[in-house]
Amino acid sequence: MATANTPLGNSAEQAELRDFLKKTISSADSFDDRFHAEVWLVDMSGRLARFIKKPKQRLKLLRAIHREATKAELKPDLVLALIEVESHFNEFAISSAGAQGLMQVMPFWKNEIGRPEDNLTNIDTNLSYGCRILQFYLKKEQGNWMNALARYNGSYGKYWYPERVMNAWRKRWFVRET
């Protein structure tokens, strides 16, 4: 659906993102403690049940999302909202623009960062790319989620996409931090 992370018009910015991906894509469990892990996984598993029926599959996916989001300094619940909007949790989704996987990553990134053998329908690979790309845009936009999400989607300057992600987040994935 989305043209997530389309080739950038600004070649300097594209080079900057390519270098960032090379450094971070292949950089322990992401939970602070077992209690936090159990609470988050049980809570999110219940929320994810409408999209993925098998409990073991849900928990495996949730662990991967939490791990990659945390490594990229992102909120896992916002990554869940982005995935809902991008692919409805279909790891094999392919958009009309050619974006692939859960986070709808464009295949050109594999060549850009020198990893042409990567499989973007592999959950861990897709989450790693997608979270790092979103991390880059969030830093570039100095923490402004609306602009970062618009950049991620390739619709910078328009807010229909960020609004969809934020609505999904508020409706289904929001977690109040304690």
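Q: Is R172 buried or exposed?
A: R172 is buried, because its relative accessible area is 15%. Buried means under 20% relative accessible area, exposed means over 50%, and partly exposed is in between (1.4 Å probe, protein chains only).

Q: What sort of model and numbering is this?
A: The model is predicted, so local features need pLDDT of at least 70 and side-chain atom pairs count only at pLDDT 80 or more, while totals for chains, interfaces and linings use all residues. Residues are numbered from 1 along each chain as its sequence is written, and side-chain values use heavy atoms, with hydrogens and water left out.

Q: Where is R172 placed?
A: R172 is in helix α8. Helices (H or I, at least four residues) and strands (E, at least two) are DSSP runs, numbered from the N terminus.

Q: Which residues does R172 touch?
A: R172 touches R47, R50, F51 and E84, leaving out residues up to four places away in sequence. Contact means heavy atoms within 4.5 Å.

Q: What joins the side chains of R172 and E84?
A: A polar contact of 2.5 Å. That term means a pair of N or O atoms within 3.5 Å; within protein, one must be able to donate a hydrogen and the other to accept it, and residues adjacent in sequence count only if both atoms are side-chain atoms.

Q: OK, zoom out. How many helices and strands does the chain have?
A: There are 8 helices and 0 strands. The pattern along the sequence is α-α-α-α-α-α-α-α.

Q: And what percentage of the chain is buried?
A: Of its 178 residues, 52% are buried.

Q: Now α4. How many of its residues are buried?
A: The count is 12 of 12. E84 is one of them, and so are D77, E86 and S87.

Q: Which helices do the buried residues of α4 pack against?
A: They pack against α2 (34-48), α3 (55-71), α6, α7 (145-153) and α8 (160-173).

Q: Why does the span of α4 agree with what it should be?
A: At 1.5 Å a residue, its 12 residues (76-87) should span 16 Å, and the end C-alpha atoms are 16 Å apart, so the two agree. The expected span is 1.5 Å times one less than the number of residues.

Q: What follows α4?
A: H88 does, and its phi is positive, near 50°.

Q: Back to E86 in α4. Is E86 buried or exposed?
A: E86 counts as buried, because its relative accessibility is 4%. Its side chain makes a polar contact of 2.5 Å with that of Y161. The C-alpha atoms of E86 and A99 are 9.5 Å apart, though these residues are 13 apart along the chain.

Q: At what angle do the axes of α3 and α4 cross?
A: They cross at roughly 115° and come within 9 Å. Axes are lines fitted to C-alpha atoms, for helices over the stretch in contact, and angles run from 0 to 180 degrees between N-to-C directions.

Q: Is the crossing right-handed or left-handed?
A: α3 passes α4 in a right-handed crossing. A crossing is left-handed if the near helix is turned anticlockwise from the far one by less than a right angle, and right-handed if clockwise.

Q: Which residues meet there?
A: L62, I65, H66, A69 and T70 in α3 meet P76, V79, L80 and I83 in α4. By class, that contact has 7 nonpolar, 2 polar and no charged residues. Ala, Val, Leu, Ile, Met, Phe, Trp, Tyr, Cys and Pro count as nonpolar, Asp, Glu, Lys and Arg as charged, and the others, Gly among them, as polar.

Q: What does A69 contact, its close sequence neighbours aside?
A: Beyond four places in sequence, A69 is in contact with L74, K75, P76, V79 and C131. A69 counts as buried, at 0% relative accessibility.

Q: Where is E73?
A: E73 is in the loop between α3 and α4. Its phi is positive, near 60°. E73 counts as exposed because its relative accessibility is 60%.

Q: And Q104, buried or exposed?
A: Q104 counts as buried, at 1% relative accessibility. Its phi is positive too, about 50°.

Q: Last one: what caps the N-terminal end of α6?
A: N122 does, with a side-chain oxygen 3.0 Å from the backbone nitrogen of D124. In α6, 14 of 18 residues are buried.
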